[in-house]
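Thank you all for coming; I would like to take a few minutes to walk through one model with you. Please have the sequence and the structure open as I talk.

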Amino acid sequence: MEHIIKYNWRYIILVTFLFTLVLNAQHQHEKYQLLPFGSIKPSGWIKTQMQKDVAGFVGNLDVIVPDLINDPIYSSARLHKQSVVKDLGNNKEGDTEGSEQYKWWNSETQSNWWDGFIRNVLLLNDKEGIKKVDKHIQEVLQSQDKDGYIGIYDQELRYKFNSENGELWSKATMYRGLLAYYEYTKDKQVWNAIVKAVDNVMTNYPIGTSSPYSSGNQFNGGVSHGLTFTDVLDKMYQITGNTKYAEYALFLYLDFSKTYQSEKDVQLPNIFNPNYKLQSHGVHTYEHLRPLIVAAYASNNIELKKALEIYIKRIEKTTTLTGGAIGDEWIAERNADATTTGYEYCSLHELLDSYSVLLQKQGDLKTAETIETIFYNAAQGSRNPNHSSIAYLKTDNSYEMEGTKNGEVEPNRKQTRYKYSPAHQDAAVCCNPNAGRITPYFLEKAWLKENNNTLVNVLLSPNIMETIIQNKTIKIETITEYPYQNKFTFVISNPNYAQPIIKIRKPSWVSKVLTNESYILENDFIVIDRKMGSEDKIQIEFNTEIQIKEDTNKEKYFSYGALFYAKPIIAIEKKGKTYFNNFMDLTYKPIDTNRFQFIEDHQASFSNGQLIIKAKNINTHQIENITLIPFSKTILRQLSF
Ligand SMILES: [Zn+2]
């Protein structure tokens, strides 16, 4: 005990010391530059899926859970001293975190939903959706006070808290959407409103002399989510180049590190404690990777960079091979397991987003591969392939989806999260809004810029990218079925003869690159540096082999290219709660209870998008031929053998 206290003192001193760095921070060079939101639009199967989402739960959440979305919490019904806890239609048994959080919850539900909706309809050029978005943005602008405040608290409460609150979190979620809208439309009025609103935060929580994250010593999940206000600051820094935003983000992270937090994985003393294991609420832990990245780059400080490395290694241990990071809901010092650790859809989105910030700043291609793994495997594999709904919680091996985790009985909670729903209102309407965000966020980082003359395709996907390079417009459409096939045609429309260098990421699983282009390989990039015509084309195909990957529990996963393959399990589909317009909850009960074991002589072969393997039936002890399909297209499944 004494040792721990001494240890923590050492780091309280460190954090205090780091504060002195805020004033003379030297921003570290960031490897790649972002293209403004909207530069990369979906095409192919991703576009089709987004259109279905907009016709489905992403476009209709406001009518599926109207009370949550229509609560004017940012305007006429801002929270005040007499505000009471809201009934959000969720089942609270087993919740030990207190009810104060239910006051601000609607702000998260609304703003995360709007953020996803705004991005989807803008990227799809969905006229009806855009009309709705324009109206919403006008309402947000009207809600802004003269001093710049956009948020959920009245004059008396705002910025004056000593307990759980959603001040910064309600702003982070809303301003992220406003920034996307601004980047797409270049609407000056919206930009000015955001600048004023962010200034209002910086004035009321002054750098160095205030403590925005001080909120007593009880559960403070909302305060802690508010650390992602650094998302807004990082984007403001990217857009303006003004380091005041990055420095303020550094200040926020350091203040978070030295104050009491119930979600404490990312606090510096805990990162530097070698015996500490991740234990907080998963979503918080993964979204908090971003503030740490932003702080490390804002300060260019060696201790923070070390902390970042340690934190990333810890997260890797909580993540299954498909990218499913423990989120069911506290990590509780566990390591990932294919059957027993569930991942929340929110965690998938937050971790993907955090890695994409890391990729942009650090440029490590391993990170790009991790992002694709999450998006194409765990995240796609948590969607219902036949209905517009997602799983709130999901496991790699999914043997039932009747509300519970592979038959586990939780003593203090009626678990309902392991099912498919367009809302999951009985638990919390958090995952569905985030399921609307993940695709636009993934696409946003597909292409990045390097040194003003290089276009870098880091995340492979069907998309249409349009940008200005060397003061000339260029458009590149990636035509591909990837990751279901590994063949790409890049159709280049280049009327003004821009001459960029084009880099295309070569994934680690590629055994051979087939192309007529002459290229050099540079750090797993295929670098094409040749004269580009006004209408041009690059064709590339990757060969790959079946790979068998082993997780830390020595279970075997079969992969081919970017995808994992699982044995689907036949199930009975049962209807649950029905919402507006035939949207409904669905549960799945298995019919087939056979389980299979890995054998060395598996003779795996790939054809027509499927893997055929030999495996031992655990029930009958017979060796059988079984067919594995892309994990992303399954409901119940056995993935690890
Ligand atoms: Zn969630």
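Let me begin at the metal: the zinc ion is held by the OE donor of Glu 344 together with the SG atoms of Cys 346, Cys 430 and Cys 431, at 2.0 to 2.3 Å. For comparison, the ideal angle for four tetrahedral donors is 109.5 degrees.

Along the chain, the donors of the zinc ion follow the spacing E-x1-C-x83-C-C. Glu 344 belongs to strand S2, residues 343-344, whereas Cys 430 sits in the loop between strand S5 (420-421) and helix H18 (431-444), so this pair ties together parts that are 86 residues apart in sequence. Glu 344 and Cys 430 are both buried.

His 424 is buried, with a relative accessible area of 0%. A second case is Ala 332, with phi near 50 degrees, in the loop between helix H15 and S2; Ala 332, however, is partly exposed, at a relative accessible area of 44%.

That loop between H15 (302-317) and S2 also contains Glu 329, which is joined to Asp 328 by a cis peptide bond with omega about 0 degrees. Another cis peptide bond links Tyr 482 and Pro 483, where omega is about 5 degrees, and Pro 483 lies in the loop between S9 and strand S10 (487-493).

This brings me to the sheet, which is open, has six strands in the order S1-S8-S9-S10-S15-S12, and pairs in the antiparallel sense. Its edges are strand S1 (40-42) and strand S12 (510-514), each of which pairs on one side only, and the twist averages 20 degrees from one strand to the next. Within the sheet, S8 (residues 463-469) and S9 (residues 472-479) pair over seven bridges, with Ile 464 opposite Glu 477 in S9.

Finally, a word on confidence: the protein chain averages a pLDDT of 95, and 95% of the residues score at least 70. Residues 1-6, by contrast, have a pLDDT below 50, and beyond near neighbours in sequence this stretch makes zero contacts in the model. Where pLDDT is low, the predicted coordinates should not be read in detail.

Methods. Residues are numbered from 1 along each chain as its sequence is written. This is a predicted model: local features need pLDDT of at least 70, side-chain atom pairs count only at pLDDT 80 or more; totals for chains, interfaces and linings use all residues. Side-chain values use heavy atoms; hydrogens and water are left out. Two strands pair if DSSP finds at least two bridges between them. Helices (H or I, at least four residues) and strands (E, at least two) are DSSP runs, numbered from the N terminus. Axes are lines fitted to C-alpha atoms, for helices over the stretch in contact, and angles run from 0 to 180 degrees between N-to-C directions. Donors are N, O and S atoms within 2.8 Å of the metal (3.2 Å for Na, K and Ca); water is not among the atoms, so sites may look incomplete. Buried means under 20% relative accessible area, exposed over 50%, partly exposed in between (1.4 Å probe, protein chains only). pLDDT is the predictor's confidence in each residue, from 0 to 100. Contact means heavy atoms within 4.5 Å.
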